[in-house]
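Reader: I'm new to this, and I'd like to know where the labels come from. Can we go through a few together?

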Amino acid sequence: MALGCVALLVLTVGGGVTYLVLRGMGGEDPTAAPTTTTEEEPTAELETGLSTDPAESDFEVVSPIDTPPGDADHLRGILANNPLTTGSLPDITSCELPETPVDPSDEELQAVLDASGQCLSRVWAAASSDRGLTWDAPAVQVYTYPDVPSSSCEADSFQEDYPRVCNLDPAIYWPTGFGIGAEVTDAELVPGAYLWDLSYVYMNPVMWNSSVGVYYVTLMDQVEDDPELADETWRRYILQSLCLSSAATMQLPTAVQPQPELREQLTDASNWTVDESSGPIEPSSRAHWIEAGFESGGDLGACNTWIAPAEQVA
């Protein structure tokens, strides 16, 4: 399960709006946090009684090329109790997005993504600094597939239907025509829709910079022989990312947040579908955690899927 790319599946619903069912992070990516190995035997079951007391956390910042020690229970405990599960995201009072039409030009798309990235980077730069974590803001580059830009990522790892995150650049390469923002038909919703799109993609560099992603990859290595447990672990990680990304957009000024109409659609389970390609997530679970993020007030604990009951991460 590599951390370098984000795949999404398009779902058309009523009202002339196409929504994106986020499938998460998949595929082999040599420029992402590397797949790690361990000599520990995988455990058959993860514990459920996990501490969220920061004083009891075993989290340490680790290099993307290192393998964190511990068995699956230990790693699950760290994922449930680390700097991205406690405290709050900062309120950002200065942020503007340009007016962006339906079907923007490449220049207009680049402008709204650049502005969105600046806003989101303020959230995560402050949150990272508060927690003693590093933050290296990714640039966003719009391109038209198959004219793949030069980068640290292999050219054949780019795809038409989702952004390519190259953490070593660091950059997010954004194919034209991608995202909810590309599908909404109300120009007033377009900037906030692209902000929400980018906020989810931003979770890739957030997890990379914080090293939380390395703990997740290591845990996935340890539970890979138990498909049911691996799927549950994947769902918890993806749903946490959905929640955190939604929370981050609400820490920005009201004028640039995803508008209420868009938030209502995103939190309606009927607008989501189960992706059967890998690790399916129930529509109700997606809607639940997106709503939890929107309503969190920046509280990171509201997005702690690692301690949630199984039915909320189905």
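Predicted model: local features only at pLDDT ≥ 70, side-chain atom pairs only at ≥ 80, totals over all residues.

Reader: Why is Tyr-202 called buried?

Author: Buried means under 20% relative accessible area, exposed over 50%, and partly exposed in between, with a 1.4 Å probe and protein chains only. Tyr-202 comes out at 1%, so it counts as buried. Trp-135 has 19%, so that one is buried too.

Reader: What makes Trp-135 and Tyr-202 a tilted pair?

Author: Rings of Phe, Tyr and Trp (its six-membered ring) pair if their centres lie within 6.5 Å; planes under 30 degrees apart count as stacked, over 60 as edge-to-face and the rest as tilted. Here the centres are 5.8 Å apart and the planes make 40 degrees, so "tilted" it is. Trp-135 sits in the loop between α2 (106-130) and β3 (139-143) and Tyr-202 in helix α3, so the pair ties together parts 67 residues apart in sequence. Helices (H or I, at least four residues) and strands (E, at least two) are DSSP runs, numbered from the N terminus.

Reader: And why is the pair of Trp-174 and Phe-178 called edge-to-face?

Author: Their centres are 5.0 Å apart and the planes stand at 75 degrees, so the angle falls in the edge-to-face class. Trp-174 is buried at 0%, and Phe-178 is buried at 5%.

Reader: How do you know that Asp-103 is exposed?

Author: Its relative accessible area is 68%, so it passes the mark for exposed. Asp-103 lies in the loop between α1 (72-80) and α2, and has a positive phi of about 55 degrees although it is not a glycine.

Reader: What makes that phi worth a remark?

Author: Most residues other than glycine have a negative phi, and most peptide bonds are trans. Ser-211 also has a positive phi, about 75 degrees, but Ser-211 is buried at 1%.

Reader: Which peptide bonds are cis?

Author: One joins Tyr-145 and Pro-146, with omega about 10 degrees. Another runs from Asp-169 to Pro-170, with omega near -20 degrees. Pro-146 is in the loop between β3 and β4 (164-166), while Pro-170 is in the loop between β4 and β5.

How values were computed:
Residues numbered from 1 in each chain as written. Heavy atoms only, no water.
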